[in-house]
Amino acid sequence: MKEYSLEEKARLLSGRDFWNTAKLCGADRIRFSDGPSGLRMQGKKGDHLGINGSMPATCFPAHSALAASWNRELVYKVGESIGKEAAFYGVDVLLAPDLNVKSYPLNGRNFEYFSEDPYLNGKMGSAYLNGVQSTGVGGCVKHFAANNREYGRMVCDSVVDERTLREIYLTAFEMAVKDAKPAAVMTAYNRLNGVYCNESVWLLNDILRGEWGFDGIVVSDWGGTHDRAASVIAGADLEMPCCYFSKDEITEAVKSGRLKEEEVDKCVGRIVKLSHRDKPPRADISGHKDFAPECAAECAVLLKNEGLLPLKQDMKVALVGGFAKKPVIQGGGSSRVNPKAAVSLKSCLKGAKYACGGAKAVRLAKKSDAVIYCMGYRGEDAEGADRDSYSLPEKQIKLLEKLRAVNKNIVVVLFCGCAVETSWDEKIPALLYAGLGGQASGRAVADILFGKVNPSGKLAETFFKSFKCEKQDPYSAVYCNGLMVGYRNGEEAKYPFGFGLSYTEFVYSNLRVNEKGASFDVKNVGGVSGGEAVQLYIRYPKNANAPDIQLKGFDKVFLNAGESKKVFIPFDEYSFRSFEAKEGKWVEASGSYEILIGASSADIRLCGVLERKGDCDGVSAPDTLCLIPESYPILRDKKGKVIATAETPFCELKNAKGVWGKIFVWLVLAVVRKKRTIYGTMEYLPLRTLAQYGGFDSSILKGITEIFNGKLFRGLKTIISKNKKDK
């Protein structure tokens, strides 16, 4: 530290450009790149919304699809494969996995997250992370924490009681930090109970580093810094991307006494330590193309089959829908991969007659033995904006009705990264949820439909019968449901969490439970080999004030026809614990714990009881009645006009003094309004972020805010003076 001046240390705490850290003597450059469904390695034209292109890479299934495999070994191999491609391109840290919980079904970014369940989230995230880091590339878990919707994500205050926060929204991060030791943790854009995650001493220092023992770096989400001095105090080491004025903020804070130089030194030390990480060797990545179909096939979930599947090879098949020709293999935004080879379902079914839709599709359906109709979303699964409906587009449902009128043998293949309303499936015999299966999803779907592959995926989120879409407050999200997230909330499901059909049948028997775990037998009693995701749920005693059942273990078993295996699922530190918010610690309630073995959350096959002494008589229920969000700092004058500051969101400038704010909002939002994800992000983007991405310093930002406050000439003078000084 003695070799660096204060200014040099401050410079190290912000990126050199969009993807790289600064390089000084003794500190090597760290190269970041996006994930998580494949490497998004960009050149000079960097962005965090997938706007600009990237290097060719293998597009694997999205996290939402990977979780449906319930196969930790498969997820490890995917992480390993992506890590090898990252190493091939010289990437040091991959910005993945994504560990947020799917607590809001309309979240546009749900496809990037594994599950609605924290245990499944954590186990899958740890497997993926271990796979990535086995190659020498570092992993960065994100977005820490309680980042569960895209609307207003830059300004939103997630208001959560502590028990809910600990048990639902932090558990997956805890598991990944303890089990896989990530190189980095990325903070979320949002505030958490009034404090920006990137500035939370409690979240970053007390919990992440103190309780969990994290020793890597904390990096901001791109453009997610507000008060740089406050974030350094909290232990947020690195601000990304490059910010031209955070260096001045840090040095001024040290000189004023607000920030101690030792706090700066801690952040610098952690960045330098990571920069000295051994560079990963280049590996052979030629086999990834062949691995991709295997991944996609194991992630697909057969939701309905009334004897139609698998289709017979000699059937005359009509293939309908634009998704069959132009597949949706991934979501949009920072996870968008430039796939090496995307395979459509149409290209895999050479003998099938194809129609995109309309009268031609109906005529083909009438002449065919069976219809494969591809439905789904195109553009709704994306970073930056939430869905505005739980339903599929009406025109797709109307076409299904027309097809159904002329042919009863309809298989719907659903391409999307999230749960949807499926009442339209009541009169069709088969439904296959392909999810976002990556570049080989077309091959995988074809193999499943014609019986070459036996489907073994199971849902990692609940498909509810319906979901009411209510108007959201962009500045706050109150988590009033507490622990009752997903399958825990008791609402009626169309397809429950953990559900998935097979072309064979499995029988469970001989449950034995002891203090170490549960063992039982699983037998394939059908005529073909297949895989079964077995699930262990626990029902806590009533004095624990817990949800009815909670997932606490799982395994994936592959069995030949007639084969039987004994399965053992161990208990671990997460099996029986509850968080007692009044005492601020984890406890175990005394009483009888029911050990449930099931094929899904709604299909429990075996039941046992385990008496536990515990360490307390009961646990307090989550306190969700007193959750009040902090108001967002929008300053106004006596007439109610907005006073522009660095924290003012773009959309609020239309209410500022003068006309310049209105003109700015009209120009910017008019340009991006048709680009759904960009518009959704920019609408509530604070002005400070404009300066960060625009590459100018605080003086120019000050001039711009003066113009928006009706002081045109003063603002121009500030900007011009700055430019003259620079020259």
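How far is the sulfur of Cys480 from the closest cysteine sulfur, and in which residue does that sulfur lie? I began my notebook with this point, and I record that the model is a predicted one.

**Entry 1: Cysteines**

I found the sulfur of Cys480 to be 13 Å from the closest cysteine sulfur, which belongs to Cys156. That separation is too far for a bond. I noted the background as well: a disulfide is a covalent bond between the sulfur atoms of two cysteines. The cut-off I applied to a pair of cysteine sulfur atoms was within 2.5 Å. By this rule the count of disulfides is zero. Cys243 is accordingly in no disulfide, and the nearest cysteine sulfur, that of Cys242, is 7.1 Å away.

I then looked up the surroundings of two of these cysteines. Cys243 is buried, with a relative accessible area of 3%, whereas Cys480 is exposed, with a relative accessible area of 52%.

**Entry 2: The whole chain**

I next turned to the protein chain as a whole. I listed 21 helices and 28 strands in it. Its radius of gyration is 26 Å, close to the 27 Å that the globule rule gives for 727 residues, so the chain is as compact as a globular protein of that length. I recorded the box filled by the C-alpha atoms as roughly 80 × 65 × 55 Å along the principal axes.

How much of the chain is buried? I noted that 61% of the 727 residues count as buried. Of the contacts with a separation of 6 or more, 76% are between residues 24 or more positions apart. The accessible surface is about 28,200 Å², and carbon and sulfur atoms hold 52% of it. For the charges, I wrote down 102 positive and 87 negative, with mean positions 8 Å apart.

**Entry 3: Arg109**

Is Arg109 buried or exposed? I found Arg109 buried, with a relative accessible area of 2%. Arg109 lies in the loop between strand E3 (93-95) and helix H4 (118-133). I looked up its contacts, leaving aside neighbours within four places in sequence: they are Lys142, His143, Glu150, Arg153, Ser334, Ala382 and Glu383. One of these contacts, Glu150, is 41 residues from Arg109 along the chain, and the two C-alpha atoms are separated by 7.0 Å.

**Entry 4: Leu129 and helix H4**

I moved on to helix H4, where Leu129 lies. Leu129 is buried, with a relative accessible area of 0%. Not counting residues up to four places away in sequence, I found that Leu129 touches Ala96, Pro97, Gly139, Val141, Ala176, Ala180 and Pro182. I also looked up Pro429, which is 300 residues from Leu129 along the chain; their C-alpha atoms are separated by 39 Å.

**Entry 5: Helix H6**

Why is H6 described as largely enclosed by the rest of the structure? I found that eight of the 10 residues of H6 are buried, so the helix is largely enclosed. The buried residues are Thr171, Ala172, Phe173, Glu174, Met175, Ala176, Val177 and Ala180.

**Entry 6: Backbone angles**

I kept a general rule beside this entry: most residues other than glycine have a negative phi, and most peptide bonds are trans. I then noted some exceptions.

Just after H6, Lys181 takes a positive phi of about 50°. Lys181 sits in the loop between helix H6 (171-180) and strand E6 (184-187). Lys181 is exposed, with a relative accessible area of 61%.

Ala146 has a phi near 55°, again a positive value in a residue other than glycine. Ala146 is in the loop between strand E4 (138-144) and strand E5 (157-159).

Which peptide bonds did I record as cis? The bond from Gly35 to Pro36 is cis, with omega near 5°, and a cis bond with omega of about 0° joins Leu309 and Pro310. I placed Pro36 in the loop between strand E1 (32-34) and strand E2 (56-57). Pro310 is in the loop between strand E10 (301-305) and strand E11 (317-320).

Definitions and conventions
Residues numbered from 1 in each chain as written. Predicted model: local features only at pLDDT ≥ 70, side-chain atom pairs only at ≥ 80, totals over all residues. Heavy atoms only, no water. Buried < 20%, exposed > 50% of the residue type's maximum accessible area, 1.4 Å probe, protein only. Helix = DSSP H or I, 4+ residues; strand = E, 2+ residues; numbered from the N terminus. Rg over C-alpha atoms; globule rule 2.2 N^0.38 Å. Contact = heavy atoms within 4.5 Å. Areas by Shrake-Rupley, 256 points an atom, 1.4 Å probe, with all protein chains shown as cover. Lys, Arg positive; Asp, Glu negative; His and termini not counted. Charge placed at Lys NZ, Arg CZ, Asp CG, Glu CD.
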